[in-house]
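Dear colleague,

I am handing over a structure to you with this email, and I would ask you to keep it open beside the text while you read. The notes that follow go through it part by part.

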2 protein chains.
Amino acid sequence: MIKIYDLELSGNCHKVRLMSALLGVEYELIPVDLLGGEHKSPQFLQLNPLGQIPVIVDNDIIIRDSQAILVYLARKYGNEDWLPLDAESMAKVMQWLSFAAHEINNSVFIARLYFRFNMDVDWESAQAKGKQVMQIMNEHLQHRDWLELDRPTIADIACYPYVGLAPEGKVSLDDYPNVIAWIERIKQLPGYIGMPGL
Amino acid sequence: MIKIYDLELSGNCHKVRLMSALLGVEYELIPVDLLGGEHKSPQFLQLNPLGQIPVIVDNDIIIRDSQAILVYLARKYGNEDWLPLDAESMAKVMQWLSFAAHEINNSVFIARLYFRFNMDVDWESAQAKGKQVMQIMNEHLQHRDWLELDRPTIADIACYPYVGLAPEGKVSLDDYPNVIAWIERIKQLPGYIGMPGL
């Protein structure tokens with residue numbers, strides 16, 4: 001059984017919970033007290049010097065970073081279903097892991113920090129970027145059911161939580177019907193689990 | 001021969017040029033006029049809806065995003081030398097692609113934009129984050145020659161350009177001797193090529 005160092009309200013942690021559930025991998029959640037600063041404690045920094053959640057521990061293997069954990073879970077427990085190995089397919093999926101780490105993180109993720117957690121961030125800039133990011137996804141999904149390869153991959157799982165949570169950062173999805181339809185498709189996947197706000 | 005849509009001063013483009021050179025892949029550079037806004041032109045947005053460089057075109061395959069391109073080149077032209085396929089190794093490498101896309105991008109990359117390109121960014125915040133990021137890398141490299149797996153991988157190539165260019169953003173590397181030694185190791189790789197500032 002893998003251990004997931006977790007925060008219930010974290011979309012990055014939800015990527016890991018959701019991927020584990022979709023793969024049928026059993027996991028134990030270990031809550032990390034972010035408000036209490038546990039993620040900056042010496043013990044936690046041993047697990048992840050970046051002081052971030054999620055982290056997984058699978059026997060003696062420790063992996064940080066939600067995108068890297070998706071790669072790990074897909075390779076270890078998912079054959080090539082969720083992450084194919086040929087150069088073109090893998091790179092196309094990777095494009096969206098970077099999109100999740102950068103474009104989504106610097107937009108709807110930040111906007112949600114402001115409205116959901118009262119954090120001191122530039123929400124106006126984040127909301128404006130969020131609309132651009134949603135527009136790009138909406139156009140990309142106009143003639144596609146999934147982000148790449150005509151099937152669900154870790155690309156979709158990497159992007160899903162913070163896109164689905166965008167309304168919590170006051171970025172409405174009403175203008176992006178293809179994004180809404182994609183979210184609904186993800187919610188229909190066998191084994192799907194939700195989180196507060198999704 | 002692959003085509004690289006390129007800007008000489010871009011560290012993200014240099015990741016692609018350098019990886020191609022290390023792999024012995026022939027490439028043609030196609031300069032993109034960012035000052036003239038060519039990356040936002042309808043023609044370029046056909047290649048990359050995000051309006052960013054680099055993009056590569058390999059026959060009919062189009063890949064955007066420097067991290068995804070590293071994955072593509074490593075898988076297509078590098079066997080498992082630069083990107084191994086077992087779950088643990090691949091995920092460990094992936095951790096650093098996210099680190100490049102997020103931590104490095106939001107710190108030393110931004111600081112360089114201010115001092116090198118006079119862009120309107122929060123350089124104080126970027127420099128402060130840059131020192132944290134360099135400290136994390138310096139500690140990680142204390143007992144290691146390479147970021148993961150005791151050999152050069154795309155993890156190193158993804159992180160290298162903007163770390164090496166950090167002094168252009170007035171983030172001195174003098175306090176991070178392990179980072180400096182790692183940079184020198186990369187410069188010794190067979191086939192290495194530089195760029196202005198490196």
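The UniProt annotation "domain: GST C-terminal", which comes from an unreviewed entry, covers residues 86–198 of chain A.

The mean pLDDT of chain A is 96, and 100% of its residues reach 70 or more, while the model as a whole scores ipTM 0.96 and pTM 0.97. As a rule for reading any such model, where pLDDT is low, the predicted coordinates should not be read in detail.

The sheet of chain A

In chain A, 4 strands form an open sheet in the order β2-β1-β3-β4, and the pairing within that sheet is mixed. The strands at the edges are β2 (27–31) and β4 (61–64) of chain A, and each has a single partner strand, so one side of each is left without a neighbour in the sheet. From one strand to the next, the twist averages 20°. Strand β1 (residues 2–6) of chain A pairs with strand β3 (residues 55–58) of chain A in the antiparallel sense, over 3 bridges, and within this pairing the bridge partner of Y5(A) in β3(A) is V55(A). Helix α3 (residues 66–77) of chain A packs on the sheet, where it touches β1, β3 and β4 of chain A, and its direction makes about 135° with that of β4(A).

A loop residue in chain A

K40(A) is found in the loop between β2 and α2 (42–47) of chain A. If neighbours within four places in sequence are left aside, K40(A) is in contact with L45(A), L50(A) and G51(A). For G51(A), which is 11 residues away from K40(A) along the chain, the C-alpha atoms of the two residues are separated by 5.3 Å.

Strand β3 of chain B

In chain B, 4 strands form an open sheet in the order β2-β1-β3-β4, again with mixed pairing; its edge strands are β2 (27–31) and β4 of chain B, each of which pairs on one side only. What do the two faces of strand β3 (residues 55–58) of chain B look like, covered or uncovered? Both faces are covered, for V55(B) and V57(B) on one side and I56(B) and D58(B) on the other are all buried.

Strand β3(B) also has a partner strand in β1 (residues 2–6) of chain B, with which it pairs in the antiparallel sense over 3 bridges, and here I4(B) has I56(B) as its bridge partner. With strand β4 (residues 61–64) of chain B, β3(B) pairs in the antiparallel sense over 4 bridges. In this second pairing I56(B) stands opposite I63(B), and V57(B) has I62(B) as its bridge partner. The hairpin of β3(B) and β4(B) has 2 residues between the strands, and N59(B) takes a positive phi near 55° in it. Helix α3 (residues 66–77) of chain B lies across β1, β3 and β4 of chain B and runs at about 135° to β4(B).

How the two chains are related

In general, two copies of a chain are related by a rotation about an axis and a shift along it. Here, chain B can be laid on chain A with an RMSD of 0.0 Å by a turn of 180° and a shift of 0.0 Å along the axis. The two copies are thus related as by a two-fold rotation axis. Which residue of chain B comes closest to the rotation axis? That residue is H102(B), whose C-alpha atom is at 2.9 Å from the axis. As for the interface, 100% of the interface residues of chain B are also interface residues in chain A, so the copies meet through the same surface.

One residue to look at here is N106(B), which lies in helix α4 (residues 87–117) of chain B. Because its relative accessibility is 16%, and buried means under 20%, N106(B) counts as buried. Not counting residues up to four places away in sequence, N106(B) touches H102(A) and N106(A) in chain A, together with A126(B) and K129(B) in chain B.

How values were computed
Residues are numbered from 1 along each chain as its sequence is written. Chains are lettered from A and ligands numbered from 1 in the order in which they are written. This is a predicted model: local features need pLDDT of at least 70, side-chain atom pairs count only at pLDDT 80 or more; totals for chains, interfaces and linings use all residues. Side-chain values use heavy atoms; hydrogens and water are left out. UniProt positions are given in the numbering used here, feature names are shortened, and annotations may be inferred rather than shown by experiment. Buried means under 20% relative accessible area, exposed over 50%, partly exposed in between (1.4 Å probe, protein chains only). Two strands pair if DSSP finds at least two bridges between them. Contact means heavy atoms within 4.5 Å. Axes are lines fitted to C-alpha atoms, for helices over the stretch in contact, and angles run from 0 to 180 degrees between N-to-C directions. Copies are superposed by least squares on the C-alpha atoms of residues with pLDDT of at least 70 in both. pLDDT is the predictor's confidence in each residue, from 0 to 100.
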